Amino acid sequence: MSIKSDYKDYEEHRNRIAGKKTGKFFINQELRYVKPFQIYGNLYYVGDSWVCVHIVDTGEGLLMFDAGNCGAQAVLIQSIWEMGFNPADVKWIILSHGHVDHFGAVNFFKNMFGTKIYMGEPDVKMFREHPVTPMPSLVNGYAEITEE
């Protein structure tokens with residue numbers, strides 16, 4: 001193994017995904033960028049043109065609803081910065097449901113900033129029984145769930 005062969009493997013994997021019917025949802029996600037905006041008061045939109053992500057400034061930290069699509073962490077982080085917030089201030093994420101287009105950046109926030117993750121009981125059960133398999137550049141796996 002070398003960096004060159006690893007990159008070749010990555011590119012082949014990426015091309016396989018791009019060639020699938022749903023591949024467009026996972027490749028070149030920056031093309032779905034939407035300028036973030038304030039909705040009203042302390043509620044902001046930081047999602048893209050396909051997946052809604054909202055943040056609420058609680059005064060004690062940011063509460064984020066959903067975490068965008070897999071592979072779109074950079075666009076989400078950029079949108080949070082553009083709204084004048086620090087992504088490290090996202091203290092809590094509430095997932096509406098356990099679909100790949102809603103939990104994409106969960107592990108990034110959990111591992112990078114210690115963000116607490118909340119979801120409904122059916123999704124907790126699903127992730128425990130069927131953990132997401134890591135895929136290069138798409139999903140960093142989903143091994144732990146915060147319980148409180």
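Predicted model: local features only at pLDDT ≥ 70, side-chain atom pairs only at ≥ 80, totals over all residues.

Guide: Helices (H or I, at least four residues) and strands (E, at least two) are DSSP runs, numbered from the N terminus. Residues are numbered from 1 along each chain as its sequence is written, and side-chain values use heavy atoms, with hydrogens and water left out.

Visitor: How many helices and strands are there in the protein, and what pattern does the protein follow along the sequence?

Guide: The protein has four helices and six strands. Read along the sequence, their pattern is α-β-β-β-β-α-β-α-β-α.

Visitor: Why is Phe 109 called buried?

Guide: Buried means under 20% relative accessible area, exposed over 50%, and partly exposed in between (1.4 Å probe, protein chains only). Phe 109 has 0% relative accessibility and therefore counts as buried. Phe 109 lies in helix H3. Of the 148 residues of the protein, 41% count as buried.

Visitor: Which residues does Phe 109 touch, not counting those up to four places away in sequence?

Guide: Contact means heavy atoms within 4.5 Å. Phe 109 touches Met 64, Leu 76, Ile 77, Ile 80, Pro 87, Val 90, Ile 93, Gly 114 and Thr 115. Ala 88, at 21 residues from Phe 109 in sequence, is 7.8 Å away in space, C-alpha to C-alpha.

Visitor: Which residues touch the most other members of the largest nonpolar core?

Guide: A nonpolar core is a set of buried Ala, Val, Leu, Ile, Met, Phe, Trp, Tyr and Cys residues joined through side-chain atoms within 4.5 Å. The largest one has 25 residues, and Met 64, Leu 76, Ile 80, Ile 93, Leu 95 and Phe 109 touch the most other members. At least two core residues come from each of strand E4 (62-65), helix H2 (73-82), strand E5 (90-94), helix H3 (106-113) and helix H4 (121-129). H2 gives the largest share, three residues. Beyond its neighbours within four places in sequence, Met 64 is in contact with residues including Val 53, Ile 55, Trp 92 and Phe 109.

Visitor: What makes the buried residues of H3 lie on the same side?

Guide: The buried residues of H3 are Val 106, Asn 107, Phe 109 and Lys 110. They cover an arc of only 165° around the axis, and therefore lie on the same side of H3; the arc is that of the directions from the helix axis to the C-beta atoms. Asn 111 and Met 112 are exposed on the other side of H3. The cover over the buried residues of H3 includes E4, H2, E5 and strand E6 (116-118).

Visitor: How do you know that Lys 8 forms a salt bridge with Glu 12?

Guide: A salt bridge is a side-chain nitrogen of Lys or Arg within 4 Å of a carboxyl oxygen of Asp or Glu. The closest N and O atoms of Lys 8 and Glu 12 are 3.5 Å apart, and the pair forms a salt bridge. Lys 8 and Glu 12 are separated by about one helical turn, because they are four residues apart in helix H1 (residues 3-18). Lys 8, at 52% relative accessibility, counts as exposed, whereas Glu 12, at 35%, counts as partly exposed.

Visitor: How many salt bridges does the structure hold?

Guide: The structure holds two salt bridges. In the other, the side chains of Lys 125 and Glu 129 meet at 3.5 Å, N to O. Both residues lie in helix H4, four residues apart, about one turn of the helix. Lys 125 is exposed, with a relative accessible area of 52%, and Glu 129 is partly exposed, with 48%.

Visitor: Why is Phe 37 called partly exposed?

Guide: Phe 37 has 39% relative accessibility and therefore counts as partly exposed. Phe 37 is in strand E1 (residues 37-40).
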